[in-house]
Amino acid sequence: MRISIASGKGGAGKTTIATSLAVLGTERGLSITYLDCDVEEPDAHLFLHPTPGEEQVVTVPVPQVDEQTCRAAGVCGDCGQACQFSAIIALGEQVLVTPDLCHGCGACVLACPAKAIHETPHRVGVVQTGQAGRIHLVQGRLDVGQTMAARVVRRVKALAPAADLVLADAPPGTACPALEAVRGSDLVLLVTEATPFGFHDFTLAVAMGRALNLRMATVLNRVDGYGRDIRAWCAGHGVPILAEIPTSRRVAQGYAHGELPIRKDPEFRRRLEQLFGQLVGTAGALQR
Ligand code: SF4
Ligand code: SF4
């Protein structure tokens, strides 16, 4: 069973809730695989404190041009025309490659009539594993200055070991890396901050899930008065609210010190336990 924990905006409390659910799962005797797909800022390890395991480099195959062969063919420019990302351009007598823009699609290699292009690996990030009790953590980390976050997310998912429950901590927002993280989930739990901004980004996240034909539910986090509009919207659009979590100073303090809030705040723990039961029940029912 794979559940993704996502949110339309950053800072909604996604990782706090995802790591808490992972620990609650182990307390119930389940094996957990935790995929930290928030590759630009992976921080689940700060709460789970895993023992480090292996590290694998993630690369993208980028083109390398044999200049002599290319010149002999007259620098035709076909490679640049085949590239949708302007990562390879023929300029005068030269072909310029910008590896950071390259998606590794191979179109330029196929387009070159002189076979002057071959591919070389270009590093974009790493995937690291770790073990925290019965939680197996797989974490992606995009290198500084790189843009191919979805590649790293894909590798994280590919390295996920089997477990009773797989929790994927998705990047915030609705761009390619977030889509890649939630794709194939049995259920997407959208962590939504109960504010007007949170509401707006939540509707975008629901649209993303619908585009991928995914089942979704939400948890309203830091409910502090505002929330009526979101509840009405969810009722009208068939997105169940599985839990509402009030603002808590203890949770915020625990987060600031890298401590799991379920160990700091009994009320937070009670609500997360309810959420865990509902979540697993809902995802399990969808699987059957
Ligand atoms: S591999 Fe694809 S993205 Fe990269 S330069 Fe070639 S055509 Fe462009
Ligand atoms: S398609 Fe091949 S021959 Fe033509 S400009 Fe590009 S590298 Fe050179």
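Select the shell around ligand 1 in this predicted model: by class, the shell holds 11 nonpolar, 3 polar and no charged residues. In total, 14 residues surround ligand 1, and the closest are Cys 83, Ala 87, Cys 102, Cys 105 and Cys 108. Strand S3 (51-65) and helix H5 (107-111) are the elements that give two or more residues to this shell.

Next, select strand S8, residues 165-169. Of its 5 residues, 5 are buried, so the strand is largely enclosed by the rest of the structure. In a regular strand the side chains alternate between the two faces of the sheet. Accordingly, look along S8 for Leu 165, Leu 167 and Asp 169 pointing one way, and for Val 166 and Ala 168 pointing the other way.

Finally, move to helix H1, residues 14-27. At 1.5 Å a residue, its 14 residues should span 20 Å, and the end C-alpha atoms are 20 Å apart, which agrees. Because 12 of the 14 residues of H1 are buried, the helix is largely enclosed by the rest of the structure. The buried residues include Lys 14, Thr 15, Leu 21 and Gly 25. Just after H1, select Gly 29, which takes a positive phi of about 85°.

Definitions and conventions: Residues are numbered from 1 along each chain as its sequence is written. Chains are lettered from A and ligands numbered from 1 in the order in which they are written. This is a predicted model: local features need pLDDT of at least 70, side-chain atom pairs count only at pLDDT 80 or more; totals for chains, interfaces and linings use all residues. A residue is near a molecule or strand if its C-beta atom, placed from the backbone, lies within 6 Å of it. Helices (H or I, at least four residues) and strands (E, at least two) are DSSP runs, numbered from the N terminus. Ala, Val, Leu, Ile, Met, Phe, Trp, Tyr, Cys and Pro count as nonpolar, Asp, Glu, Lys and Arg as charged, and the others, Gly among them, as polar. A residue is buried if 20 or more other C-beta atoms lie within 10 Å of its own, exposed if 12 or fewer, and partly exposed in between; C-beta atoms are placed from the backbone. The expected span of a helix is 1.5 Å times one less than its number of residues.
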